[in-house]
Amino acid sequence: MTALKAVASALRGLPRGVVSLIYPPTCAGCGAATADPGALCPACWTGLRLIEEPLCPRFGTPFAVDLGVGPLLSPRAIAEPPVFGRARAVALYDDVARRLVHRLKYEDRLDLSGVMGRMMSASGRALIAEADCVVPVPLHRWRLWRRRFNQAALLGRVIARGAGLPFEPSALVRVRATRSQVGLSRPARAENLSGAFRVDAAQAHRIRGRKILLIDDVMTTGATCNAASRALLRGGAASVDVLTFALVGDTAG
Ligand SMILES: O=P(O)(O)OC[C@H]1O[C@H](OP(=O)(O)OP(=O)(O)O)[C@H](O)[C@@H]1O
């Protein structure tokens, strides 16, 4: 056993209170002291713009007012119907949600995938109940080599484990080394991702005929999730729903 493993194993054996004395729990959003590990402080909770009903059944975008007329599609869902069936997200990509995603993805805070994944499990309960398996949006192998982890896979693993669903991180592959979507216009984002994914022929049996829950950290235009969903459906998936931590944009109307 390495020294690091021995320390980790010893810490696991200690009562939680003792571990908290050595590593006091801090807020996942801002780093302030909290009572419980993996929790958000009251200020970050308040700052998180959680997405609640009423919302567009396709994109999951919240409506500003409840017209009381049942499920209504957003203008965007009518104008550009997505390839996936339904998308849901925990929060609008604002302030606290942005900070959480950035800490996970760019500051190597892999531990945040636990609390973020559990929030996604709660927001995506209806989608999870109908899914057969969980597939994360893959990174191209070069990006994975540089970053050393795939944030969508970390979140997907937490969600799959919580739901008792099969986790399939290698069924879908990113075959083109696309540039980051950050800074691109809406049409350029769609162009960038066009044909970027395909189902690995050797793994196709894992998704064939299955209802897929596709996981990503953020949805902005939906170009990434559309391209990934298209590849999954071409590869034989029965349907694709999307669950992300954050959704860029404001209310749908
Ligand atoms: O809905 P869209 O307009 O497609 O944008 C969302 C995508 O953009 C970001 O990834 P990015 O391309 O920056 O790659 P990265 O995850 O490797 O940083 C994000 O992680 C989503 O995958």
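Trainee: Where does the ligand sit?

Mentor: In this predicted model, the ligand sits in the largest pocket. A pocket is found on a 1 Å grid over the protein atoms alone, as an open set of points where a 1.4 Å probe fits, with protein on both sides within 12 Å along at least five of seven lines, and a molecule sits in it if more than half of its atoms lie within 2 Å of its grid points. The model counts local features at pLDDT of at least 70 and side-chain atom pairs at pLDDT 80 or more, while totals for chains, interfaces and linings use all residues. Residues are numbered from 1 along each chain as its sequence is written, and side-chain values use heavy atoms, with hydrogens and water left out.

Trainee: How many residues surround the ligand, and which are the closest?

Mentor: A residue is near a molecule if one of its heavy atoms lies within 4 Å of it. Here 19 residues surround the ligand, the closest being R143, R189, D216, T221 and T224. The shell divides into six nonpolar, seven polar and six charged residues, where Asp, Glu, Lys and Arg count as charged, Gly is among the polar ones, and Ala, Val, Leu, Ile, Met, Phe, Trp, Tyr, Cys and Pro count as nonpolar.

Trainee: Which element gives the most to the shell around the ligand?

Mentor: Helices (H or I, at least four residues) and strands (E, at least two) are DSSP runs numbered from the N terminus. Strand β5 gives the most, with four residues.

Trainee: What joins the side chains of R99 and D95?

Mentor: They meet in a salt bridge, at 3.3 Å from N to O, the criterion being a side-chain nitrogen of Lys or Arg within 4 Å of a carboxyl oxygen of Asp or Glu. Because R99 and D95 are four residues apart in helix α5, about one helical turn separates them.

Definitions and conventions: On a 1 Å grid over the protein atoms alone, a cavity is a set of points where a 1.4 Å probe fits but cannot get out, and a pocket is an open set with protein on both sides within 12 Å along at least five of seven lines; lining residues have an atom within 4 Å of a point.
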